[in-house]
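Subject: Structure for you to look at

Hello,

Here is the structure I promised to pass on.

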Amino acid sequence: MAANKRSKIALALAGGGPVGGIYEVGAMAALAEALEGVDFTEFDIYVGVSSGAFMSAAVANGLGPATLARMLVDNDSDEVFDPEMLLRPAFSEYLLRALSVPMLFWSSLRQYLSDPWHLRFLEAFQGLSHAIPAGVFNSSGIDQLLRKLFSAEGRSNDFRQLRHRLFIVATDLDTGESLAFGSAGHDDVPISVAVQASAALPGLFPPVRIGERYFVDGALIKTLHASVALHEGAELVICINPLVPFDACLAAKRPAHENPSPAPKHLVDGGLPVVLSQTFRAIIHSRMRTGMDRYRLEFEGKDVVLFEPTRDDADMFFTNVFSYRGRSRLCEHAYQRTRSDLYRRRHELRPIFERHGIELNLGVLKDHSRSLLSKKRRPDLATSASALDSSLRDLEAWLLAQKA
């Protein structure tokens with residue numbers, strides 16, 4: 001620990017679905033190792049949105065990055081999060097909407113017959129659209145899993161019982177405003193329900209009813225909501241955003257062993273899912289960058305440090321998290337990429353961290369033998385050679401800068 005007194009520190013995790021949550025675990029594991037004297041389970045404030053809500057709630061409950069990584073990579077716990085639980089059909093929603101069809105049909109028919117000469121057929125029957133389900137999949141598994149996870153000794157599903165502040169952000173569907181569960185007047189909601197609401201992506205999951213209000217994904221308003229922590233007095237906010245737009249042209253210039261996932265020359269070749277993914281990422285990333293610029297002006301003297309994938313990271317963009325191998329590989333990938341990012345930005349980051357009583361351990365970052373994977377799952381020599389090659393390029397750039 002540095003000589004300076006440690007500041008009030010916060011962790012803000014953005015959304016990104018199962019891919020984002022797994023990436024955040026790997027990134028946190030790398031940060032926890034490299035930031036000397038920092039315990040991720042002892043931060044003063046935690047803020048989570050969508051899948052980031054799931055992870056921030058876990059860390060705030062004492063499940064450190066190393067523990068979460070073991071759960072994902074080695075599957076050594078029955079508490080592990082299985083992304084497939086998010087693909088269970090929302091049968092109750094289907095049934096509820098189906099039961100409304102007869103009433104909607106006869107209501108539309110009566111409306112049409114009342115004035116058939118002036119009322120168009122499709123216009124009269126547009127009320128049938130109310131029978132379309134508000135979500136395809138059932139997200140109640142999130143609530144069930146977290147209730148079980150937080151029922152263990154030393155953990156809590158109650159915001160008020162946690163040792164540190166936790167804020168889970170969701171969007172009120174009827175007003176379009178964001179609400180931070182865990183804040184005064186909104187801390188009586190179970191953490192598991194707040195996380196379920198924050199992760200209810202419209203179209204995929206039905207809105208979550210809490211009291212007399214309905215909530216959907218917290219990322220609809222902001223990507224990170226780091227301002228929640230800053231308003232609570234945080235002096236340093238460590239942010240992780242797993243979703244960035246993909247640059248296919250930039251990725252094509254990287255050596256094949258550095259981007260093992262195949263990337264099409266044009267993203268349109270990947271079909272609608274890839275086009276929608278790129279569009280969504282571009283929108284939220286642009287909005288997040290605007291927010292980061294605003295933080296620097298509004299909260300002068302406070303530091304917000306962001307970690308995210310590079311735009312040429314095809315492995316992150318095209319990964320399939322619904323396979324076991326994909327989950328463990330992505331977690332390791334995030335871990336190694338974050339380690340590289342820390343080392344590359346060391347001259348920028350060291351003075352920032354030192355202002356808050358944190359030291360960046362370069363010895364840890366230079367140790368290329370470190371991995372989240374067990375030896376039998378370690379990457380081959382090509383990956384190790386890639387890491388060494390990256391370090392040599394950094395060294396060459398530094399030597400050139402000294403000569404200039």
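Let me start with a helix pair. Ile-22, Val-25, Met-28, Ala-29 and Ala-32 of helix H1 touch Pro-65, Leu-68, Ala-69 and Leu-72 of helix H3. Sorted by class, this H1 to H3 contact has 9 nonpolar residues, with no polar and no charged ones. Please keep in mind that the model is a predicted one.

As for the geometry, H3 covers residues 65-73, and its axis and that of H1 come within 8 Å, crossing at roughly 135°. The two helices, H1 and H3, are therefore oblique to each other. The crossing of H1 past H3 is left-handed.

The next pair is H2 (residues 51-60) with H8 (residues 191-198), whose axes lie 7 Å apart and pack at an angle of about 155°. Angles over 145 degrees count as roughly antiparallel, so H2 is roughly antiparallel to H8. Here H2 passes H8 in a right-handed crossing. On the H2 side the contact is made by Ala-53, Phe-54 and Ala-57, and on the H8 side by Ile-191, Val-195 and Ser-198. That contact of H2 with H8 comprises 5 nonpolar residues and 1 polar residue, with no charged ones.

H1 and H2 turn up again in the second largest pocket, where H1 (17-34), H2, H11 (272-298) and H12 (314-318) each supply at least two lining residues. Which helix gives the most to that lining? It is H11, with 9 residues. The pocket holds about 1200 Å³ of space and is lined by 42 residues; nearest its centre lie Gly-16, Gly-17, Pro-18, Leu-201 and Leu-204. By class, the lining of this pocket divides into 29 nonpolar, 10 polar and 3 charged residues.

Then there are the cavities. How many of 30 Å³ or more does a search of the whole structure find? The search finds 2. The second largest cavity has about 40 Å³ of space. Its lining includes Pro-242, Val-244, Pro-245 and Phe-246, along with Pro-309, Thr-310, Met-316 and Phe-317. Arg-281, Arg-311 and Asp-313 also line this cavity, and its lining as a whole has 7 nonpolar, 1 polar and 3 charged residues.

Do write back once you have had a look; I would enjoy hearing your thoughts.

Best wishes

Methods
Residues numbered from 1 in each chain as written. Predicted model: local features only at pLDDT ≥ 70, side-chain atom pairs only at ≥ 80, totals over all residues. Heavy atoms only, no water. Axes fitted to C-alpha atoms, helices over the stretch in contact; angles between N-to-C directions. Helix = DSSP H or I, 4+ residues; strand = E, 2+ residues; numbered from the N terminus. Parallel < 35°, antiparallel > 145°, perpendicular 65-115°, else oblique. Left-handed = near helix turned anticlockwise from the far one by under 90°. Contact = heavy atoms within 4.5 Å. Nonpolar A, V, L, I, M, F, W, Y, C, P; charged D, E, K, R; others polar. 1 Å grid on protein atoms, 1.4 Å probe; cavity = no way out; pocket = protein on both sides within 12 Å on 5 of 7 lines; lining within 4 Å. Points joined across faces, edges and corners; volume = space filled by probe spheres on them.
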